[in-house]
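Me: Hey, I've just opened this one and I'm new to it. Can you walk me through it?

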Amino acid sequence: MIEAKNLTKRFGDTLAVDTISFAVNKGGIVGLLGPNGAGKTTTMRILTCYLTADSGTATIAGKNVLTQSLEVRRCIGYLPENNPLYTEMGVVDYLKFIAQIRHIPRKKIKPQVKEMIEVCGLEPVLNKKIDELSKGFRQRVGLAQAMIHNPAVLIFDEPTVGLDPNQIVEIRELIKRLGAEKTVILSSHILPEVSATCKQIIIMNRGRIVASGTPEEMSSHARGGGVVTMVVRGPVEQIKDKLKTVKKVKNFTMQETEGDGQTRFEIISTGEENINEDLFRMVAENGWVLSELHQETLSLEDVFQQLTLKES
Amino acid sequence: MRNMLIIFRKELRIFFDSPIAYIFIIAFLAFSNWLFFRSFFIVGQISMRDYFFFIPWIFLVFVPAVTMRLWAEEKKIGTIEVLMTLPVRNYEVVLGKFLASFSFVMIALALSFSLPLTLFFLGDVDFGPIIGGYVGACFLGGAYLAIGLFVSNLAENQIVAFIIAALLSFALFIIGEDIVLATLPNSLVPTFSFLGLGKHFVSLQRGVLDSRDVIYYVSLIGFFLFLNTQSLESRKW
């Protein structure tokens, strides 16, 4: 549905987006994740035809953003960063204006605006001007604006910024429902948000894509595998020697020696399965005592920090 | 065409939804009427020559104040990102905004029709110059608006947009004036005299609709609107 090839965008001396490529299939929610200044907004602006890439191409629903800009814009709903709105306008007037300019047939404008009001929960503020609205309601107006023409692709730039926790949950639910039939790209620097809503994650840093995949894939791929914590009672040096001989152990560190002769190890596996069994066998064969053994998968936070801090 | 009309309606609505529009109109009418009646009773002449003499100067303040926010505000709030990612062509937006601000200035101008009406009841009026004056004011207003709209797109700040638009309009207005022409080499005089906004306004005020004046104004407006659509494209680079 969305395909970007080698997109590059430069602002003066800074390389905002550096030869990024990605593809998004129809249906599903994709999260664009990265610290501030990673190039998320620039990428989205290129996809929505607000900016033109210096080089590279992007297509949305098979249409080129450069040469078929109008067609692309027709099939996209876009919520820009900070959700800019015509604050002097009334809620209904604003949605009507968007519906008209989106060429929704005249007879359908009223029902469509009404539906958006219901879907986004705007009933309490119908007769107000936008500048009288709270941040949460403004966000809903922005979402209604993006969805009113029932677009195949929705692009949301930080849709939950500045909302309170309840509103965040509401918006997330809404986006999840949308993801059932539409292709949604959202950007965020809040990890739980992305892991809660997205099927596919693209992590960006300094204009480049540093990782992409499902949340689960990301966690297990980081550091090349899972981390196992093991606490054993036994002679430390011998344990160390034996650990080196276990095939599935890539690397390990001795964390601390606890009282009564127990030692805590942090073991990084090569990524193969069942490392726990091998470790257990090793301990049992040597007659040591195993008091703790568990495998940790990296949280998305760890992955994110590893990937983004490493480079900067 | 349809998009242009939708933008036009939206812009006009924003004008009249805010109190600023009414303050503008009242200020314009109060100011222009005062300038008219100030000399009216002293001179005792039934004509609007003085009124149209002041119009370019009133417009110099009034028109940039109308256009200053049209793009600068969209940029500041960020709504330009919503607007330009809608399926609209650049020129449709520019024309919509221009026509909305043009209508607004026309409405303000139309409300001053009480003046010729007053004259009509007072005595014998030569309507030729008056109609010519209004036609000239329309064209002059359009030219100022096109300049102001273009400048507003370059500036991020409304005050800056106002000042630069007023200065640019002023410069274009006076380059055809005799004071400026006197300082120029003879070979440049006809060109500058033709380019000046003021000369054409005076010419229309005589009550003669000269095609040269009309072509001048229409192409000047077209030129600045064209620059505006081009400068919209420049955000992408």
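Me: How many helices and strands are there in chain B?
Reply: This is a predicted model, and in it chain B has twelve helices and zero strands. Read along the sequence, the pattern of chain B is α-α-α-α-α-α-α-α-α-α-α-α.

Me: How is chain A divided?
Reply: Into domain 1, residues 2-220, and domain 2, residues 227-296. The C-alpha centres of domain 1 and domain 2 of chain A lie 47 Å apart.

Me: Back to chain B. At what angle do H3(B) and H8(B) pack?
Reply: About 140°, with their axes 8 Å apart. H3(B) covers residues 49-77 and H8(B) covers residues 158-174. H3(B) and H8(B) are therefore oblique to each other, and H3(B) passes H8(B) in a right-handed crossing.

Me: Which residues make that contact between H3(B) and H8(B)?
Reply: On H3(B), they include Leu60(B), Val61(B), Pro64(B) and Met68(B). On H8(B), Phe162(B), Ala165(B), Phe170(B) and Phe173(B) are among them. By class, this contact of H3(B) with H8(B) has 13 nonpolar, three polar and two charged residues.

Me: And H1(B) with H5(B), how far apart are their axes?
Reply: The axes of H1(B) and H5(B), which is residues 90-110, are 8 Å apart, and the two helices pack at an angle of about 40°. That makes H1(B) oblique to H5(B). The crossing of H1(B) and H5(B) is right-handed.

Me: Which residues meet there, in H1(B) and H5(B)?
Reply: H1(B) brings residues including Met4(B), Ile7(B), Phe8(B) and Phe15(B), while H5(B) brings Val93(B), Leu95(B), Leu99(B) and Phe104(B), among others. By class, the contact of H1(B) with H5(B) has ten nonpolar, three polar and three charged residues.

Me: Switching topic: how many residues does each chain give to the contact of chain A with chain B?
Reply: Chain B gives 18 residues and chain A gives 19. On the side of chain B that touches chain A, the elements giving two or more residues are H1(B) and H4(B), residues 79-84. H1(B) gives the most to that side, with five residues. By class, the side of chain B that touches chain A has nine nonpolar, five polar and four charged residues.

Me: So how do H3(A) and H1(B) cross?
Reply: The axes of H3(A), residues 91-101, and H1(B), residues 2-17, come within 9 Å and cross at roughly 165°. That makes H3(A) roughly antiparallel to H1(B). The crossing of H3(A) and H1(B) is left-handed.

Me: Which residues meet between H3(A) and H1(B)?
Reply: Phe97(A), Gln100(A) and Ile101(A) from H3(A) meet Asn3(B), Ile6(B) and Lys10(B) from H1(B). By class, that contact of H3(A) with H1(B) has three nonpolar, two polar and one charged residues.

Terms used: Residues are numbered from 1 along each chain as its sequence is written. Chains are lettered from A and ligands numbered from 1 in the order in which they are written. This is a predicted model: local features need pLDDT of at least 70, side-chain atom pairs count only at pLDDT 80 or more; totals for chains, interfaces and linings use all residues. Axes are lines fitted to C-alpha atoms, for helices over the stretch in contact, and angles run from 0 to 180 degrees between N-to-C directions. Helices (H or I, at least four residues) and strands (E, at least two) are DSSP runs, numbered from the N terminus. Angles under 35 degrees count as roughly parallel, over 145 as roughly antiparallel, 65 to 115 as roughly perpendicular and the rest as oblique. A crossing is left-handed if the near helix is turned anticlockwise from the far one by less than a right angle, and right-handed if clockwise. Two residues are in contact if their C-beta atoms, placed from the backbone, lie within 7 Å. Ala, Val, Leu, Ile, Met, Phe, Trp, Tyr, Cys and Pro count as nonpolar, Asp, Glu, Lys and Arg as charged, and the others, Gly among them, as polar. Domain bounds come from an automatic or database domain assignment.
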